Amino acid sequence: MFVGIDLGTSGVKLLLMGNEGSVIATHTEEYPCSFPKPGWSEQEPEVWYEKSLSGLKKLLKKGNADIEDIDGIGTGGQMHGLVMLDKDDNVIRPAILWNDGRSTEEVAYLNETIGNDKLTEYTGNIAFAGFTAPKLLWVRKNEPENFARIAKIMLPKDYLVYRLTGAFSTDYSDASGMLFLDVKNKKWSPEMLSICGITEEMLPKLYESYEVVGELKKEVIPTDKKIIVVAGAGDNAAAAVGTGAVGPGRCNISIGTSGTIFITNDKFVVDEKNSLHAFAHADGGFHLMGCMLSAASCNKWFMDEILQDKDYAALQAKICDIKKASETDPESTEIGDENSGEINDEISGEINSRNYDKLGNNRIYFLPYLMGERSPHNDPDIRAMFYGMSLDTKREDMYQAVLEGVAYGLRDSLEVARDMGLEITSATICGGGARSPLWLKILANVLKLRLDIPVTEEGPSMGGAMLAAVGCGTFSDIIAAGNIVRNVEYSVEPDPVLMERYDAEYGKFRRFYPALKNTGIAE
């Protein structure tokens, strides 16, 4: 058996996998996120470790397993977060997370003073507020006493691995999002380390995601069993592994708290404006990724905070008739599940094909920039808005605009890849948003893609378990592991009529960002 750990933003999800890829049990532990100032986002690393450990014990109980039954552990985790330890391995300050926007000045310094061309030469990417290097520069400027104490710098999942094994390690996929890695050549960039005032000794040893970095320490969980731990992967790379998006020419879309389009490649490529992230993949190759900061979180915000209504299914049914497929499964919609996207399973089913009238005919538009935006705009200051409301606007019109706005935001990134000559006609899709037939129908037609829903979809936790299985030798490589999860439960094909409608609507949507930006309101 193998354990996969998805260290998310709202909680940690653990998965127990058999050696043929069967999911034996899952368990989620929630933890809080702190927002001490507007635009800030922090967490306590110790809580990650405590919740992961308590979750592991509960997972084993659910799976009727003992720790001696486990052969390997693999992790997938939220990317970019800055964790700093002193010489005694004490956490210096709360971790600064991926969705933290405080480093605007540092991003401008890197992109404008150092220059995009130099950053691309050094790392293959430009600076985004979510990346680790700008956060470190912020600490150097604003908390010099903390900066002076730094002995080790690591990412969230790597802190967990360090606590479990004592191995100071990271993998290429997660390290790609730090802006310290020369991604093309898979080595730390001496130029970036110099710019940020750190040494290579402060950074972890680099591994492929499936490589063994250590063994579970007996003081963590007493056992005589040798349990290996692999390097793991960033959450999006781990999710891609978990859906079989490995090897060149594949695409995976994730609709979780954030939204991503993940395109695999065996070669390192960069788009001319650096709108997409050019990262290493957990399969040993590379990938392009467009990441929007608010995806299913837009859905949750509008329903929970604005409408204060938990009945997602009822409101979606007012947009399109939806046939329920099964009763709600509380296990799969735990609040702490990063990939749940707060979509209830009771929505699952098929859309009544006779009722497409509202799709592509909405006159309300929503800009999904609740936390600013990463790809392709790289703008932490832009904010969300509704446009087009009138006296006859209804709740469901605004809700439809939210779902469509997320789809349009993802298409912004997809169009960059298409402009590079990449032919993308289909994608696997995972995350909580993939449980909504209505949202799937909107996404397929906005993106002009066939969307394949895997039989087994457990996100980064599944990918982490598969990486552990490769590390243990159960699978010869990641490609072989990917073959076991590439079974499609069903697909959603784009409809020619709806594609034409949404093409026209997307043309209008893409005018909003530059218009709003040019007002200066978001500065």
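Q: Why is Asn-274 called buried?
A: The model is a predicted one. Asn-274 has a relative accessible area of 8%, and buried means under 20%, so Asn-274 is classed as buried. The residue belongs to the loop that links β17 (259-265) and β18 (277-280).

Q: What makes the phi of Asn-274 worth noting?
A: Its phi is near 55°, a positive value in a residue other than glycine. Most residues other than glycine have a negative phi.

Q: How do you know that the length of α9 agrees with its number of residues?
A: At 1.5 Å a residue, the twelve residues of α9 should span 16 Å. The end C-alpha atoms of α9 are 16 Å apart, so expectation and model agree.

Q: Which residues of α9 are buried, and what do they pack against?
A: The buried residues are Ala-296, Cys-298, Asn-299, Phe-302, Met-303, Asp-304 and Leu-307. They pack against the helices α10 (312-317), α11 and α12 (437-447), and against the strands β16 (251-255), β22 (365-367) and β23 (385-387).

Q: What makes Leu-293 a buried residue, and where is its place?
A: Leu-293 has 9% relative accessibility; the limit for buried is under 20%, and Leu-293 therefore counts as buried. Its place is in the loop between β19 (286-292) and α9 (296-307).

Q: Which residues is Leu-293 in contact with, leaving aside its neighbours within four places in sequence?
A: Leu-293 is in contact with Trp-98, Thr-257, Ser-258, Met-371, Gly-372, Glu-373 and Arg-374. For Glu-373, which is 80 residues away along the chain, the C-alpha atom is separated from that of Leu-293 by 5.7 Å.

Q: Is the peptide bond from Ser-375 to Pro-376 cis or trans, and what is its omega?
A: The bond is cis, with omega near -5°. Most peptide bonds are trans. Pro-376 is found in the loop between β22 and β23.

Q: How do you know that the span of helix α11 agrees with its number of residues?
A: Helix α11 (residues 395-419) has 25 residues, which at 1.5 Å a residue should span 36 Å. Its end C-alpha atoms are 36 Å apart, so the two values agree. Of the 25 residues, 22 are buried, so that α11 is mostly covered by the criterion of under 20% relative accessible area. α11 is followed by Gly-421, whose phi is positive, near 95°.

Q: Why are α11 and α15 called roughly perpendicular?
A: The axes of α11 and helix α15 (residues 496-509) come within 10 Å and cross at roughly 80°. Angles of 65 to 115 degrees count as roughly perpendicular, and the pair is therefore given that label. Gln-400, Glu-404, Gly-405, Tyr-408, Gly-409, Arg-411, Asp-412 and Glu-415 of α11 meet Tyr-502, Asp-503, Glu-505, Tyr-506 and Phe-509 of α15. By class, these residues are four nonpolar, three polar and six charged.

Q: How do α11 and α12 cross, and which residues meet there?
A: The axes of α11 and α12 come within 9 Å and cross at roughly 35°, and the crossing is right-handed. From α11, the residues are Leu-403, Glu-404, Val-406, Ala-407, Tyr-408, Leu-410, Arg-411, Leu-414 and Arg-418; from α12, they are Leu-438, Trp-439, Ile-442, Leu-443, Val-446 and Leu-447. This contact divides into twelve nonpolar, no polar and three charged residues.

Q: Why are α1 and α5 called oblique to each other?
A: The axes of helix α1 (residues 45-62) and helix α5 (residues 156-165) come within 10 Å and cross at roughly 60°. Roughly parallel applies under 35 degrees and roughly perpendicular from 65 to 115, so α1 and α5 are oblique. Their crossing is right-handed. Pro-45, Glu-46, Trp-48, Tyr-49 and Ser-52 in α1 meet Pro-156, Tyr-159, Leu-160, Arg-163 and Leu-164 in α5. The contact has seven nonpolar, one polar and two charged residues.

Definitions and conventions
Residues numbered from 1 in each chain as written. Predicted model: local features only at pLDDT ≥ 70, side-chain atom pairs only at ≥ 80, totals over all residues. Heavy atoms only, no water. Helix = DSSP H or I, 4+ residues; strand = E, 2+ residues; numbered from the N terminus. Expected span 1.5 Å × (residues − 1). Buried < 20%, exposed > 50% of the residue type's maximum accessible area, 1.4 Å probe, protein only. Axes fitted to C-alpha atoms, helices over the stretch in contact; angles between N-to-C directions. Parallel < 35°, antiparallel > 145°, perpendicular 65-115°, else oblique. Left-handed = near helix turned anticlockwise from the far one by under 90°. Contact = heavy atoms within 4.5 Å. Nonpolar A, V, L, I, M, F, W, Y, C, P; charged D, E, K, R; others polar.
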